[in-house]
Amino acid sequence: MVSRMAALTSLSSVQFRISDILGTRLKPCPLFPVRITNVFVKSLVIEARNNSRVESPKTRNRRSRKKFNGTQTKPRLSVFCSDKQLYAMLVDDFNKKCLFYGSTLQKSIRGDPPCTVLEAAKRVGEELIKASIDLKINEISSYDRNGNARGERMQAFEIAIKQHGFLP
């Protein structure tokens, strides 16, 4: 029995005759499974982008800026909020001019004893209203937040503008 097993293990494969349409060929057929090492099989993984249907606020803002262009009598109000400051502009896109610019960094808005950024943002809104009255601007074409969320500074700025009637 031991000699039979030794004889079977010494043979790696036995060849059988298989008849085909074109003739007879010899094909190897392994008796015992042969262990193959160093074979890595990668599974097919299909990864989707996270929130692929949710678009970036910056992308949405760029697309909406094509639709709403400001004019001399009806400018676009563009507001940008960085980590610490707030910047606001009245923009005439037709003539490519900035009609008003105000930020919380300006010394005239900050005052001699420096105030907080929230108070300065409210003052920027008040200065914007004064400038719009001087320029005889009664309404704006669009309110452009540049894709930024409404934070504390943005809300303080919007309070002064809502009183004038720029925002609904």
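The turns below set values against definitions.

Reply: This is a predicted model, in which local features need pLDDT of at least 70 and side-chain atom pairs count only at pLDDT 80 or more, while totals for chains, interfaces and linings use all residues. Residues are numbered from 1 along each chain as its sequence is written, and side-chain values use heavy atoms, with hydrogens and water left out.

Me: What makes α4 roughly parallel to α5?

Reply: Helix α4 (residues 117-134) and helix α5 (residues 152-164) pack at an angle of about 30°, and their axes are 8 Å apart. Angles under 35 degrees count as roughly parallel, over 145 as roughly antiparallel, 65 to 115 as roughly perpendicular and the rest as oblique. Therefore α4 is roughly parallel to α5. The axes are lines fitted to C-alpha atoms, for helices over the stretch in contact, and angles run from 0 to 180 degrees between N-to-C directions. Helices (H or I, at least four residues) and strands (E, at least two) are DSSP runs, numbered from the N terminus.

Me: Which residues of α4 and α5 meet, and how do they divide into nonpolar, polar and charged?

Reply: Among the residues in α4 are Val117, Leu118, Ala121 and Ser132, and α5 contributes residues including Ala156, Phe157 and His164. The residues of this contact between α4 and α5 divide into 11 nonpolar, 3 polar and 4 charged. Contact here means heavy atoms within 4.5 Å. Ala, Val, Leu, Ile, Met, Phe, Trp, Tyr, Cys and Pro count as nonpolar, Asp, Glu, Lys and Arg as charged, and the others, Gly among them, as polar.

Me: Why does serine 132 count as buried?

Reply: Buried means under 20% relative accessible area, exposed over 50%, and partly exposed in between (1.4 Å probe, protein chains only). Serine 132 has 0% relative accessibility, so it counts as buried. Serine 132 lies in helix α4 and touches Leu90, Ile137, His164 and Phe166, not counting residues up to four places away in sequence.

Me: How do you know that β3 pairs with β4 and with β6?

Reply: Two strands pair if DSSP finds at least two bridges between them. β3 and β4 run antiparallel and are joined by 6 bridges, while β3 and strand β6 (residues 142-144) pair in the parallel sense over 3 bridges. Serine 78 has methionine 89 as its bridge partner in β4 and stands opposite aspartate 144 in β6. Strand β3 (residues 76-81) is mostly covered, with 5 of its 6 residues buried.

Me: What joins β4 to β5?

Reply: Strand β4 (residues 86-92) and strand β5 (residues 97-103) run antiparallel, with 6 bridges between them. Aspartate 92 stands opposite lysine 97 in β5. Their hairpin has 4 residues between the strands, and lysine 96 takes a positive phi near 55° there.

Me: Why is one side of β5 and of β6 left without a neighbour in the sheet?

Reply: The open sheet has 4 strands in the order β5-β4-β3-β6, with mixed pairing. β5 and β6 stand at the edges and each has a single partner strand, so one side of each has no neighbour in the sheet. α4 lies across β3, β4 and β5, and α5 lies across β3, β4 and β6.
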